[in-house]
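Here's a quick tour of a protein chain for anyone new to reading structures. Have a look at the picture first, then work through the notes below.

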Amino acid sequence: VMLATFLATLTVPLQFAVLFGVVLSILLNTIRQSNKVVVTQWVLQAQGFPVEQPPPERLPSHQLTLLHVYGSLFFAAAKNIEEMLPEVGDSIRAVVAINLRGISEIGSTYMTVLQRYAQALQARQGKLMLVGVDPLVRDQLAKTGMLKLIGDENVFVATPQIGEALNRAVLRITKGERFLT
């Protein structure tokens, strides 16, 4: 960026060269952030903590798949995240829980990704759950209509105890609702 800005100062007026350098810096930072996104699957264990592994390419029918996204959830990364999510394909009654703990705001592009994914799951009698949701993100979901699409009962707000929201979601699916059978 520094070299490109310097070369620009030799060919165009200074204010345009500086503007070019700023725009180039923002563009490169956006590209860098969008490439740092990783989606992982958390596999629950009978004892102890979940095991982290790559997500399946396709969702298994009648199963709960827990996903965690590392990285930026804003516009540049949303397309990458969408490509990394397991395909709904022909799975039936699949449940996907996405952990959002530590995320205090999500961009509109990622909101669109969630909307498309929720609709694809619902079309195959499945559902999307969001766990560890910050109260500000929950308000954002309500204002955009996403809460109505996903269902208020499928959004689990984060608590100070790490994993509590995830445990409530898992308990609801595995014991309370019998959704997977």
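What percentage of the 181 residues in the protein is buried? Buried residues make up 38% of them, where buried means under 20% relative accessible area, exposed means over 50% and partly exposed is in between (1.4 Å probe, protein chains only). Keep in mind that this is a predicted model, where local features need pLDDT of at least 70 and side-chain atom pairs count only at pLDDT 80 or more, while totals for chains, interfaces and linings use all residues. Residues are numbered from 1 along each chain as its sequence is written, and side-chain values use heavy atoms, with hydrogens and water left out.

**The whole chain**

- The protein has 7 helices and 6 strands; these are DSSP runs numbered from the N terminus, with helices being H or I of at least four residues and strands being E of at least two.
- Starting at the N terminus, the elements go α-α-β-β-β-α-β-α-β-α-α-β-α.
- The radius of gyration is 20 Å, whereas a compact globule of 181 residues would have one near 16 Å. That value is taken over C-alpha atoms, and the globule rule is 2.2 Å times the number of residues to the power 0.38.
- Along the principal axes, the C-alpha atoms fill a box of roughly 70 × 35 × 30 Å.
- The accessible surface comes to about 10400 Å², and 60% of that belongs to carbon and sulfur atoms. Accessible areas come from the Shrake-Rupley method with a 1.4 Å probe, and for residues only the protein chains shown count as cover.
- Take the contacts between residues at least 6 apart in sequence: 73% of these join residues at least 24 apart. A contact here means heavy atoms within 4.5 Å.

**The sheet**

- Six strands form an open sheet in the order S2-S1-S3-S4-S5-S6, with mixed pairing; two strands count as paired if DSSP finds at least two bridges between them.
- Strand S2 (51–53) and strand S6 (155–157) are at the edges with a single partner strand each, so one side of each has no neighbour in the sheet.
- On average, neighbouring strands of this sheet are turned by 25° against each other, direction ignored. Axes are lines fitted to C-alpha atoms, for helices over the stretch in contact, and angles run from 0 to 180 degrees between N-to-C directions.
- Strands of a sheet pair through backbone hydrogen bonds, either parallel or antiparallel.
- S1 and S3 run antiparallel and are joined by 5 bridges; the partner of Val38 in S3 is Tyr70.
- S3 and S4 pair in the parallel sense over 5 bridges, and Thr65 has Val96 as its bridge partner in S4.
- Strand S4 (residues 95–99) and strand S5 (residues 127–133) run parallel, joined by 5 bridges. Ile98 is partnered by Leu130 in S5.

**What covers the sheet**

- Helix H4 (residues 108–123) packs on the sheet and touches strand S3 (64–70), S4 and S5, with its direction at about 140° to that of S5.
- Helix H5 (residues 135–144) also packs on the sheet, touching S5 and S6, and its direction makes about 145° with that of S5.
- In S4, 5 of its 5 residues are buried. Val95, Ala97 and Asn99 are on one side, with Val96 and Ile98 on the other.
- S3 is mostly covered too, with 6 of its 7 residues buried.

**The nonpolar cores**

- A nonpolar core is a set of buried Ala, Val, Leu, Ile, Met, Phe, Trp, Tyr and Cys residues joined through side-chain atoms within 4.5 Å.
- The largest one has 32 residues, and those with the most contacts inside it are Ile98, Ile106, Tyr110, Leu128, Leu130 and Leu141.
- H4 gives the most to this core, with 7 residues.
- Another core, of 13 residues, lies apart from it and includes Leu64, Leu66, Ala97 and Ala169.

**Two residues to look up**

- Gln41 lies in strand S1 (residues 38–43) and is buried, with a relative accessible area of 12%. Among the residues in contact with Gln41 are Val51, Thr65 and Leu66.
- Ala4 is in helix H1 (residues 2–11) and is partly exposed, at 27% relative accessible area. Beyond residues up to four places away in sequence, Ala4 touches Phe20 and Leu24.
- The C-alpha atoms of Ala4 and His62 are separated by 54 Å, with the two residues 58 apart along the chain.
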